[in-house]
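Q: Please take me through this chain and say what each label rests on.

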Amino acid sequence: MSRTRSPRLEWWTGLVLVFALSLAQLMASGMSAGELLIRGLLLGLVLPMLAWVACLGVPVASEPAPWQRSEAWAIALLLSLVVLGLGPLKQGLLAYFPSRGTWWGEAANTGYKLLLFVVLPWLVLKACGLWKAAGEARVTPVQWLRILLLVSLLGWGLQTLMGREFQRVLDSDMTPARWWLAVPLVWLWMSVEAGLVEELFFRRWLQSRLQAWSGSAWLAVVLSAVVFGLAHAPGLWMRGAGLGESLPAHPSLIECMAYAVTTQGLAGLMFGVLWLRTRSLSLCVLAHGMFDVPAHLARHLAIWGI
């Protein structure tokens, strides 16, 4: 009896090709090979390894529920909705959205992301009986706090070294009172806008189901991270990405996709490792939120008038 051929080799080859083409595109756009190498090593190697170290001692989580063939259409449908929702549909709705530079604009954008990445997928999957168990969390409260603290320190350290937006805050005349007020508020906001939205969809659902499909936890980590990165490309493209990004003032969609794969995509590896090792959605949501605080602090200080 013939055995079913594993799809792993083809997918790994494809992922390597995606990263290679993305790097080639960015170098053709004027980014230096040295900058790309440093960023790639930090985001794609150092941070995932440190996340793994932070999770040492955590018992191995249970496996996600077995794969069903009917799930293939659900993944295709939901990823298509994301592409449509982040691209043409959002582009058409922008005229009706409040400006992103206002409190109402930020609230409208967050609500839209919650609808697209949380509410609709959950309703579709629950209605079809495809909302599967993702594995049991076995992290203790002490381990939970330790991992949250270490990942938060990684995010703040990285932004101190490389974050252009965070440097603006560090160079300003922020008083201790403003720091104590702003950081918890931005953490709470980013834990919803980025943490809940992205961790529920890309880690709790997509990564878990890709692991069940492929039988490889690491293939699921990398593949979901690439999809996670690509989901950021439409936003970079539509807002003109020169806003603090290492891109031309008016990049093409291809340039934004290449940048997203090699930046947000590589950063997604760390969160994929956290989910793989802990299976704790609350930990991943709050860690993601705190990791993003430095990069978004200046913008929210201006919007909220803090």
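A: Helices (H or I, at least four residues) and strands (E, at least two) are DSSP runs, numbered from the N terminus. The model is predicted: local features need pLDDT of at least 70, side-chain atom pairs count only at pLDDT 80 or more, and totals for chains, interfaces and linings use all residues. Residues are numbered from 1 along each chain as its sequence is written, and side-chain values use heavy atoms, leaving out hydrogens and water.

Q: How many helices and strands are there in the chain?
A: The chain has 12 helices and zero strands. Its order from the N terminus is α-α-α-α-α-α-α-α-α-α-α-α.

Q: How do you know what radius of gyration a compact globule would have?
A: The rule is 2.2 Å times the number of residues to the power 0.38, with the radius taken over C-alpha atoms. For 306 residues that gives a value near 19 Å; the chain has 19 Å, so the two agree. The C-alpha trace spans about 70 × 45 × 40 Å along its principal axes.

Q: Why is Pro234 called buried?
A: Buried means under 20% relative accessible area, exposed over 50%, partly exposed in between (1.4 Å probe, protein chains only). Pro234 has 16% relative accessibility, so Pro234 counts as buried. Pro234 lies in helix H10, residues 233-238. Across the chain, 47% of the 306 residues count as buried.

Q: What share of the contacts join residues at least 24 apart?
A: Contact means heavy atoms within 4.5 Å. Among contacts between residues at least 6 apart in sequence, 81% join residues at least 24 apart.
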